[in-house]
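Please look over the sequence and the structure first, then read the points below.

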Amino acid sequence: MITRLLVANRGEIARRVFATCRVLGVETVAVHSDADADAPFVAEADLAVRLPGNTPAETYLRIDLVLDAARRAGADAVHPGYGFLAENAEFAAAVTDAGLTWVGPPAKAIAAMGDKMAAKALLADAGVPMLPTWTEADQVTDFPVLVKAAAGGGGRGMRVVRDAAGLAEAVAGARREAAAAFGDGTVFIERYVERGRHVEVQIFGDTHGTVVALGVRDCSIQRRHQKIVEEAPGVLPPQVRERLHAAAVAAGRAVDYVGAGTVEFLLAPDGEVHFLEMNTRLQVEHPVTEAVTGLDLVRLQLLVAEGEPLPITATPPADGHAIEVRLCAEDPAQGFRPATGTLHRFAIPGVAGEFAPTKGLRLDSGVRDGSTVAVHYDSMLAKLVAWAPTRAEAARALAGALARAELHGVATNRDLLVRVLRSREFGGAEADTGFLERHEEVFAPLLPPERLPVAALAAALASAAGRRASAPVLAGLPSGWRNVPAFPQVSRFTGPGGEIEVRYRLDRTEALAECSVSQGVALVEAAPDRVVLDVDGVRRAFGVHRVGPEVFVDGPEGAASLTELPRFPLPTAELAAGSLLAPLPGAVTRVHVEVGQRVAAGDLLLTLEAMKLEHPVLAPTDGVVAELPVPAGGQVDTGAVLAVVNPEEDPR
């Protein structure tokens, strides 16, 4: 039996495995980079081993370091989690060769499915339906197509191409991104199905020859080809569900599969099913399957690794419905680029349980209050899962919990997720992989722009209350009270729409005698962390959290992140006109232009790589490149000048 398990992963992944180990009485070992030294998963492990460095290549992807950590900690088994080395056949073989128990499928099965082109050929022979596929750009005659990485998934290296003109550059870009993410730049090209649904079957195999399907998940809501909303069971006709189960089990048996795996398919509008890939690991979205089956999939992994037979031999019936969202550190104002910073507050109301099958709301998180979100790793902060008797109830409960969550300090995709869950198309189970491309309205913030001044007023009143509370001599005086009442209090903030100025005056009863926000606003209550306002006859309560000049306001319509501007700002260095700044920390991978070169608006100047993704930096206007201060390979922090483009003067 397994007595001490090393998890070769980080964040919520490691915490998820540790949770089951605690229930089973298995001791746990964490490995961690320097950047993760204070992360929650390290604190929760029984033992922890440092992997010197910060980047995945220096730490979590080093097979030699991970095996040495297992030896030093006295582990007798290794769980790869999902990501990093989870689908690395060399790692699986090395763990076994070291005399340790490998909690995963055999290295042979990983290798067979890891080469996606070879996997397609193998499974086509087993009767699994396939899409037309090409290995070279000049072979393609039928568009649109999808360029995909052969050695990995998660949306890395994927490009949709609708005509031959853009295919060569898409293939080149996909190869670069795949090489950066997986160490292998091999790509292939597949027919792209419009309005298709991304569905997948969770399978499980044991060493006694059993392979069973545990149901279908729908993962169609995707952005940049990465899943952001998943649910189980997928809403499908019974005959389609049966075909998917049969094809998935056939795929598993074709490679003598053992352990947890996922077979992914594309469901075309005409009902045809096409194989996409097989992931030889536990998936990020496995909690929705756990919620509707009641099974602990990590427990099943450990039992199978110990040689036990699966306790089930047929697909269990689904109980209720579960929906999961991936809450990510992404900045909507920057096109949902990955965001970094300190998470000052991370609080989600109504959570019934963590890291285990739960009726109600489940949270699997890798962060806590005070966690630092760094540039080195994936942007996902947590997964929030809602189980309910019906799909509509699960969607409503999940959207409500997200909307009320306090997420302070790092920009997230929370508002997008709430709008997706509340959309008519999602509610009708009609969404496909093109959902976000068709619905620009879901990218709007929950808090309407016209309501920002009210949030800023709440921030100003809370800040004033905080100052009075910290200076008791002023506690008996109304905020901003003066003998000359003509001069109001003035507070200035920057927010999503730019600068907001709030002017208000309280009378001697602490009622709003004057307010620039609206004539229909009355003050009910003001404390440093809570302000209640009556707005046009409707009472609204705002939670206010201040960290230095940053003020986070959570209201009934949405949240606002504001920065209070100083009354007497210090002088700052002036940037050169035409400066392009780094939106987040990263590395400049390629510089496409030279100083003195004339460029047109939209031309690619350089490529910045951060959080496993490429971010193109484009010329904002026609002009001449005046400066390129960062060479290829250079590291930059947020706000660093990447390039300066002098605008071309209008000849008129």
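Helices (H or I, at least four residues) and strands (E, at least two) are DSSP runs, numbered from the N terminus. With those labels, P144 is placed in the loop between β6 (133–134) and β7 (145–149). The model is a predicted one. Its protein chain has 15 helices and 40 strands.

**Overall form**

- The protein chain has a radius of gyration of 27 Å, which agrees with the value near 26 Å that a compact globule of 652 residues would have.
- The C-alpha trace spans about 85 × 65 × 55 Å along the principal axes of the protein chain.
- Of the 652 residues, 51% count as buried.
- Among contacts in the protein chain with a separation of 6 or more, 62% come from residues 24 or more positions apart.

**Surface and charge**

- The accessible surface of the protein chain is about 27,300 Å², and carbon and sulfur atoms account for 52% of that area.
- There are 62 positive and 83 negative side chains in the protein chain, and the centres of the two sets are 5 Å apart.

**Helix α10**

- Helix α10 covers residues 297–305, and its buried residues include L297, V298, L300, Q301, L302 and V304.
- At the start of α10, the backbone nitrogen of V298 has a side-chain oxygen of D296 within 3.0 Å.
- G307 follows α10 and has a positive phi, near 90°.

- H545 lies in strand β30, which runs over residues 538–547.
- Buried means under 20% relative accessible area, and H545 is buried because its value is 13%.
- The side chains of H545 and H408 make a polar contact at 2.9 Å.
- Neighbours within four places in sequence aside, H545 is in contact with H344, R345, H408, E550, V551 and F552.

**Cis peptide bonds**

- F143 and P144 are joined by a cis peptide bond with omega of about 5°.
- Another cis peptide bond runs from A232 to P233, where omega is near -5°.
- P233 is in the loop between β12 (226–232) and α8 (238–254).

- R195 is not a glycine, yet has a positive phi of about 60°.
- The loop between β9 (187–191) and β10 (197–205) holds R195, and R195 is partly exposed, with a relative accessible area of 45%.
- F355 is not a glycine either and has a positive phi of about 60°.
- F355 is in the loop between β20 (353–354) and β21 (361–365), and F355 is buried, with a relative accessible area of 3%.

Key: Residues numbered from 1 in each chain as written. Predicted model: local features only at pLDDT ≥ 70, side-chain atom pairs only at ≥ 80, totals over all residues. Heavy atoms only, no water. Rg over C-alpha atoms; globule rule 2.2 N^0.38 Å. Buried < 20%, exposed > 50% of the residue type's maximum accessible area, 1.4 Å probe, protein only. Contact = heavy atoms within 4.5 Å. Areas by Shrake-Rupley, 256 points an atom, 1.4 Å probe, with all protein chains shown as cover. Lys, Arg positive; Asp, Glu negative; His and termini not counted. Charge placed at Lys NZ, Arg CZ, Asp CG, Glu CD. Polar contact = N/O pair within 3.5 Å; in protein donor to acceptor, adjacent residues only side chain to side chain.
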